[in-house]
Amino acid sequence: SLNAFLWSRAKSSRLVLAGSYLLAALALLSKELAVVIPVLVVLSWWAAGERSFRRMALAALPFVVIAGVYAAARANVLQGAEMVSEPLSHLHRASTIAYSLFTHFEILLLPYKAHLSYEVVMQEIANANTFMMLLSMVVLTVFLWSSRKSASVPLFAMLWFLATILPVSLLAGQQISTIVSQRFLYLPSVGLAVVFGWGVALVAGLRVPAKALGIGAAAAVVVVLSVLSVSWSGLWANEVAFWEQFTRDTPTIGSSYYHLGLAYCRAG
């Protein structure tokens, strides 16, 4: 949808723009996080060189309408099936939001720290350390913004990450049970992929020794991440292996043992 939108602006094609709207609707029906697409439209067009916020806001308006129609349809279908929220104090709510933002950022940069599930003890995250970690992200974002002329791609990636993870983190402020998960990073990881490609492109323009070293390092990163992806995908293909790993990651969550028991039962 975003690619079609940018293409429609470059080619002045109404047909491609209509295709972008259709794809946005299909994206919402595929995964609800696509509700942030109006924000991503503005961000992507800005990254492509547009500087008129009025034009960007008007371009995002149809996507806002599409998201609104989806939200109304969703509310109608799910009426009476409200999400159970856990009562949290203002301090604990702020702590969960801060912890969710930083932990997802950490998992994105250091995927070896990823787990199937996460045990979160409120007493352990409601402290100054959590807010210091969030402050470090704020400082990094401000630094990238101040250096946007020379670091526009890293800034785009950071803003993309924040735009796509904030809805999840705000939800975590209401419900501690959904505070962190790998699956929330599917869309935010696009920003990191863009920065990686930008870095490889920069390395490709260097002299031969540095170029070979840089591309070799990039290839090593791809190989390591590929091995991690393949090893993790095996857990999703096997129900018993999945719930065994789930209980190892969160040994105090009772529901994981219940699901493991069902998996054992189905496996005979």
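Ten aromatic pairs are present in the structure, which is a predicted model. One of them joins Y21 and F63 in an edge-to-face arrangement, with 5.1 Å between the ring centres and 70° between the planes. Because Y21 belongs to helix α2 and F63 to helix α4, this pair ties together parts that are 42 residues apart in sequence. W243 is buried at 15% relative accessibility, and F246 is buried at 14%. Y21 and F63 also belong, together with F5 and W45, to one aromatic cluster.

F63 is also in contact with P38, as are A60 and V64 when neighbours of P38 within four places in sequence are left aside. P38 is located in helix α3 and is buried, with a relative accessible area of 10%.

The largest nonpolar core comprises 44 residues, and F5, M137, F161 and I165 have the most contacts inside it. Two or more residues are given to this core by each of α1 (2–11), α2 (14–30), α3 (37–47), α4 (53–77), α5, α6, α7 and α8. The largest share, ten residues, comes from α8. Apart from this core lies another, of nine residues, including W232, V240, F242 and W243. In soluble globular proteins, nonpolar side chains tend to be buried together.

Helix α7 (residues 128–146) consists of 19 residues and spans 27 Å from its first C-alpha to its last, close to the 27 Å expected at 1.5 Å a residue. Its buried residues include T130, M133, M137, T141 and L144. These positions cover an arc of only 80° around the axis and are therefore on the same side of α7. On the other side of the helix, A128, M132, V139, V142, F143 and S146 are exposed. The cover over the buried residues of α7 includes α5 (90–109), α6 (122–125) and α8 (152–172). For M137, contacts beyond four places in sequence are made with L101, F102, F105, M158, F161 and L162. The N-terminal end of α7 is capped by N127, a side-chain oxygen of which lies 3.2 Å from the backbone nitrogen of N129.

How values were computed: Residues numbered from 1 in each chain as written. Heavy atoms only, no water. Helix = DSSP H or I, 4+ residues; strand = E, 2+ residues; numbered from the N terminus. Expected span 1.5 Å × (residues − 1). Buried < 20%, exposed > 50% of the residue type's maximum accessible area, 1.4 Å probe, protein only. Arc of directions from axis to C-beta. Contact = heavy atoms within 4.5 Å. Polar contact = N/O pair within 3.5 Å; in protein donor to acceptor, adjacent residues only side chain to side chain. Core = buried A, V, L, I, M, F, W, Y, C linked by side-chain atoms within 4.5 Å. Phe/Tyr/Trp six-rings, centres within 6.5 Å; stacked < 30°, edge-to-face > 60°.
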